[in-house]
Amino acid sequence: MAFLLLSGCSASSRPFDLPARPSGGVFQTTSQNGTVLFETPAELMGAQVVAEAIDRYYDKAAAALGCRRNEPVDVWLIPGWRSLGSTNQDRIIFDSSPRSLSYADLTLVHEFVHWHSEGSVLEENLPHSMIEGICEYIAISLVERGRAFRLNLYSELLEEAWARGDALALSARLSIDKAEWLSLDRTTRYELYALSYTIVARIGLDRVCEEARIGPLSVDDMLRLACPGEDGVESLFKS
Ligand SMILES: [Zn+2]
């Protein structure tokens, strides 16, 4: 299974997750929406790629989500970071190794959505898995590069989970909190990305946000909205 192109996000508010702040150089965006910090001159080109992604997608991610943080974002380039991207309080950490840079836009849009949703009513009222689903939904909607690959992979992961008889167990895991999400093994985490993306796509992003603004939603509420009537969760696993 090819996982290399997935965003592999690890949204976290735990301060001990932080690497050292890069201090070798700073790349400013033209939009004033953010700053890219890096350690070595070899990372300058990566910093430019990330700055362009901020210019292109930061505002669009906020518009799609319907909420926005006012302060500009700091993106720290950390080659070989433990995941492709992490949003941690006041910065986004981005793995600037070459394989990660080729799909920087998908990863960064996913993280911009975490960034804008931090502390919002959406984060308050939705299970963490659904925030991940929203991040994936907006990233896949806005970024064309890698989209078809990712959608095919998600269909494949869900079909395989169904064939193994894991559909109900996987659906039950949608209720885990942010800390548990971070401790998932990689395969399960990507299966949950696939499932949460599919739920958000099925309900519709606007409706998910609208319902979450009214009050808290459980995973069962989300599944009922995604699979009305006699449909059951089966349909989520079959493309
Ligand atoms: Zn994420």
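## Overall build

Of the 239 residues in the protein chain, 44% are buried, a residue being buried if 20 or more other C-beta atoms, placed from the backbone, lie within 10 Å of its own, exposed if 12 or fewer do, and partly exposed in between. The model is predicted, so local features need pLDDT of at least 70 and side-chain atom pairs count only at pLDDT 80 or more, whereas totals for chains, interfaces and linings use all residues. Residues are numbered from 1 along each chain as its sequence is written.

The secondary structure comes to eleven helices and five strands, taken as DSSP runs (H or I over at least four residues for helices, E over at least two for strands) numbered from the N terminus. The radius of gyration of the chain, taken over C-alpha atoms, is 17 Å, close to the 18 Å that the globule rule (2.2 Å times the number of residues to the power 0.38) gives for 239 residues, so the chain is as compact as a globular protein of that length. Among contacts with a separation of 6 or more, 69% join residues 24 or more positions apart, where contact requires C-beta atoms, placed from the backbone, within 7 Å.

## Helix α3 and its two partners

Helix α1 (residues 44-65) and helix α3 (residues 104-117) have axes that come within 8 Å and cross at roughly 50°. That makes α1 oblique to α3, since angles under 35 degrees count as roughly parallel, over 145 as roughly antiparallel, 65 to 115 as roughly perpendicular and the rest as oblique. The contact includes Val49, Ala53 and Tyr57 of α1 together with Leu108, Phe112 and His116 of α3, and its residues divide into 13 nonpolar, two polar and one charged.

Helix α3 also packs with helix α5 (residues 128-142), at an angle of about 135° and with the axes 8 Å apart, which makes α3 oblique to α5. Among the residues that meet are Leu106, Val109 and Val113 in α3 and Ile131, Ile134 and Ile138 in α5.

## Positive phi in two loops

Gln32, although not a glycine, has a positive phi of about 65°. Gln32 is placed in the loop between β1 (25-28) and β2 (34-38) and is exposed, with 10 other C-beta atoms within 10 Å.

In the loop between β4 (85-88) and β5 (91-94) lies Gln89, whose phi is near 50°, a positive value in a residue other than glycine. Gln89 counts as exposed, with 12 C-beta neighbours inside 10 Å.

Technical notes. Axes are lines fitted to C-alpha atoms, for helices over the stretch in contact, and angles run from 0 to 180 degrees between N-to-C directions. Two residues are in contact if their C-beta atoms, placed from the backbone, lie within 7 Å. Ala, Val, Leu, Ile, Met, Phe, Trp, Tyr, Cys and Pro count as nonpolar, Asp, Glu, Lys and Arg as charged, and the others, Gly among them, as polar.
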